[in-house]
Amino acid sequence: MSWGPFTSARSFLLLFLFLGLGSRICYGSGFGFDIHHRFSDPVKEILGFDGLPERGSVEYYVAMSHRDRLIRGRHLAASDGQKSPLTFVNGNETVMINSLGFLHYANVSVGTPSLSFLVALDTGSDLFWLPCDCMVGSCVTALQTSSSIIDLSIYSPSNSSTSKNVSCDSTLCRQTQCPSANSNCPYNVSYLSSNTSSTGIYVEDILHLITDDDQQKAVETPITFGCGQIQTGIFLEGAAPNGLFGLGIEDISVPSTLARNGLASNSFALCFGRDGVGRISFGINGSSDQRETPFNIRQSHPTYNISITQITVGQNSSELEFSAIFDSGTSFTSLRDPAYTFISESFNSQIQEKRHTSDPQMPFEYCYYLSENQTSYVIPDVNLTMKGGDKYFLNNPTVVVSTKDGAVLYCLGLHKSDVNIDIIGQNFMTGYQIVFDREKMVLGWKDSNCYNDQTSNNQPISPSQPPTVSPALPVDPEATGNNSQTPVAAPPTNHSPNLKSFTCTLAMFLVSLFALV
C-alpha cells in the first residue's frame, strides 16, 4: 500500500470549512482532513493540560496506547412492510476526533427540552451514560482554550419534563444492595484497574431519533441510561468527556432497547471512513454482497466476539485460530501471541525501509525510518480469514510517528496484548461499513467510503420476539503480494442530507482550536 504520511492541517481544515460552511448545510467534504489529536498543539490548552506530547511523537502514541489499555477490560430505504432504519435526530454522521481520545463521536439529543451531547461510540461496552448533576470536579463541563470556553451540556433529571428515575425493582436494575425496592437504582462501571469509571444512578428519558431515509420522520423513544454523577480517570482527561454511548449486546444498551420496543430490527451499522468521517444507523442488516462471520455465543459477559482461522501477510500464511472482539472503543488493535508475533515478523520481513531500533518507550514495536523526501511507502497486504471463509483485508494497518530527534517513522499499528484477550480496534476497521447483526448473530463488513448510498436488506421487525441470545466472552468491560494503492478520498457527490448540524458544530469547534496556532 502506498501511503502518503504528510498532510497539511491548516490547508485541509480550511478547505473542509470552505466547502462545508459555504453551502449553509455542512456536508462531509470530498477530501481528507487532519482532525486535531487531543495532544496536538491547539489542544494543549484544553482542560488545563500542560507539557503534553507533540502530535505524532512517540509520547503521543504512548499516551494513546495507554488509553487503550485503560479503557478496554447513508441513506437506506426500507422495503414494503419493513421499518425504516433509525439514526440520531442531528444526523447519521460520526467523526473520529483525535483531540478527544481518537474515538468516533456522534451528536445525540436527550430529554425535554432536548439537550445535545457529543458522545463516544463504544461497541465494547453496554451502558449509555451522560455527565449528570455532577459533583465538583467529577465531570468535564467545558473545553477551555486560551481565548474562549466551550461549554458542554450536563444532563439533569430535574430539568427534563420527561425524565424518570429507575427504581431498584426495575428489570434493568441488577444491583443487589439497594436500600429498598423503591430506591433509585445505582450503577458503577469500572474499566479494568485504570481508576477510570462512571458512577451514578439509572434514569429514563426520551432519546430523539429520525428515520434514516428520505422521510426523516421524528421518532422519540424512552431509554434507560446512566446519570453519571462521578467520572474518574481518562474521562476527565479528554476521552469521552461528554458521555459514552455503549453499543453492546446487553439489555441496557440502546440497540437492545430499540429492538425490544419494536422500533428497529436488532442490528446496527457503523461505518469508518478513511478521512475520519463515519456513519451510524440502527436497524441495518447490511447488504446481500457483504462478507460475514458468525458471533461466538457464550453465556456471560456478552461481546462482539468472532473467530479468525487464518492470517496472511504478503507471501506468508499461517493457520492460526483464535477469537477476538470488535471494539470501536479501542484505538489500536491488540493481539496475543502467536498471532501478534506472526503478523509482526511477517510484516517486518517484507519491508524495504530500515527498522527503528526497538525502544521500550515506543508504543509500537515494529517501526521503520522514512527518508527526508519520502512521501509514501509500500507494505504487504494483511488479510484475516474469518470463520466461514470470508476474508477481512486491513485497509490501514500503519501509523506515522515522529521522534524527539526529528526522525519520521511509520509503524505497524498493532499492540501485543497484555491481558488475556484479543481486540480488533478501530484502526483495523477503517474503510469498512461494519454491521453488528444481533438477529442473525453475525458480523458483516463491506468496503465503504461512508459517503455513497448503499442498498440494504433491512429485516422486518417482530416486536413480540425478544432479542436473540447474545454472544459473549468472559471479559472485564470494555491474496499475497504488496499493496500499492493510495488512500481513497471520499467522493464529492451523493452526500446524505442527514450530514448536517454535527459537521457544522464540529467544524466550528475545530476552528476555535485551530485559531490558537
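Biologist: With which side chain does the side chain of Thr330 make a polar contact?

Modeller: This is a predicted model, in which local features need pLDDT of at least 70, side-chain atom pairs count only at pLDDT 80 or more, and totals for chains, interfaces and linings use all residues. Residues are numbered from 1 along each chain as its sequence is written, and side-chain values use heavy atoms, with hydrogens and water left out. A polar contact is a pair of N or O atoms within 3.5 Å; within protein, one must be able to donate a hydrogen and the other to accept it, and residues adjacent in sequence count only if both atoms are side-chain atoms. Here the partner of Thr330 is the side chain of Asp327, at 2.8 Å.

Biologist: Is Thr330 buried or exposed?

Modeller: Buried means under 20% relative accessible area, exposed over 50%, and partly exposed in between (1.4 Å probe, protein chains only). Thr330 has 0% relative accessibility and therefore counts as buried. Asn266, at 3%, is also buried, and its side chain has a polar contact of 2.8 Å with that of Arg438.

Biologist: How many disulfides are there?

Modeller: A disulfide is a pair of cysteine sulfur atoms within 2.5 Å. The count by this rule is six. Among them is the pair Cys134 and Cys139, with S to S 1.9 Å.

Biologist: Which hand does the disulfide of Cys173 and Cys185 have?

Modeller: The torsion about its S-S bond is about 95°, so this disulfide is right-handed. Both Cys173 and Cys185 are buried. By contrast, the link of Cys134 and Cys139 is left-handed, with -85° about the S-S bond.
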